[in-house]
Amino acid sequence: MAADSLALTGAGGRIIQPRSIPQDAAEPQTAADAPDVRFEAVGLRYARGPEVLRDISFDLPRGSFQFLTGPSGAGKTSLLRLIYLAQRPSRGLISLFGEDTSGLTRAALPPIRRRIGVVFQDMRLMPHLSVFENIALPLRVAGRKRREYADDVAELIAWVGLGDRMQALPETLSGGEQQRVAIARAVVGQPDILIADEPTGNVDPAMGRRLLRLFAELNKLGATVLIATHDLSLVRSLDVPVMTLAAGKLTVREPRG
Ligand SMILES: Nc1ncnc2c1ncn2[C@@H]1O[C@H](COP(=O)(O)OP(=O)(O)O)[C@@H](O)[C@H]1O
Ligand SMILES: [Mg+2]
């Protein structure tokens, strides 16, 4: 398929720009060096239920690529929701981009959330919006002008192999096509962190590997990527750190090297 030969850096090299590394001496050293995500002894319980996450500590260094795995119900989605600030921890400390998130007011969340692209397990496409409008939505919400982004969005849609479905509504797409729309929407705002929750859940293995290449390409451009999946063949296809959740606890296995 044509999309296989496309690259995020291709065709004018402007769809996704490499993430800039701060060079400004005025930039506090700690913030620039800090991991994008840091969990310290984080616990999470829903209402009066048991703790579903217990004493979770890990870093996602800037520009890293990791998998998060574990059986269904282990807490993968919960952990991701903590990262993109959809959920507050019951205890422990979560820092994003070197800043403690515990004191953040509701008003302080949107600018941080804009730096985090999320591929939701249930995709959450807007049913009344076309493929183009769904993917452009984060840019529109951020107040960008359509004439400034229209070409870039079209280019990204072609890159994910949906160039001929640009005006289609989500319900007319296959599961794999919808998943590619969800992924394109997550990357279009050039997030510093990309979080994907079972992003290959609805596709065959070949499409899964192809979608994985999207994430790898984005990671090469500097984004920090975390992919939750229970698909062990997907996990084995890349030699990267794997975080595993079981019984509320997290273990991290470093790559074989
Ligand atoms: N909103 C919620 N309210 C109460 N319990 C929840 C909620 N979301 C998840 N859980 C529970 O938390 C545990 C972890 O769920 P989840 O994070 O979805 O796991 P995974 O994504 O690994 O399948 C499960 O026992 C689930 O039933
Ligand atoms: Mg889940």
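In what order do the 4 strands of the open sheet with antiparallel pairing stand? The order is β2-β1-β4-β5, where strands are DSSP runs of E with at least two residues, helices are runs of H or I with at least four, and both are numbered from the N terminus. Two strands pair if DSSP finds at least two bridges between them. β2 (51-60) and β5 (99-100) sit at the edges with a single partner strand each, so one side of each has no neighbour in the sheet.

A quick word on what you're looking at: this is a predicted model, where local features need pLDDT of at least 70, side-chain atom pairs count only at pLDDT 80 or more, and totals for chains, interfaces and linings use all residues. Residues are numbered from 1 along each chain as its sequence is written, while chains are lettered from A and ligands numbered from 1 in the order in which they are written.

Back in that sheet, β1 (residues 37-45) and β4 (residues 91-96) run antiparallel, joined by 5 bridges. G43 faces R91 in β4.

Now for the other open sheet: its 6 strands go β6-β7-β8-β3-β9-β10, with mixed pairing. Here β6 (116-119) and β10 (249-253) take the edges, each with a single partner strand, so one side of each lacks a neighbour in the sheet. Look at β7 (residues 193-197) and β8 (residues 224-228), which pair in the parallel sense over 5 bridges. D197 has A228 in β8 as its bridge partner.

Finally, find ligand 1. The residues around it include Y46, G73, K76 and T77, with "around" meaning that the C-beta atom, placed from the backbone, lies within 6 Å.
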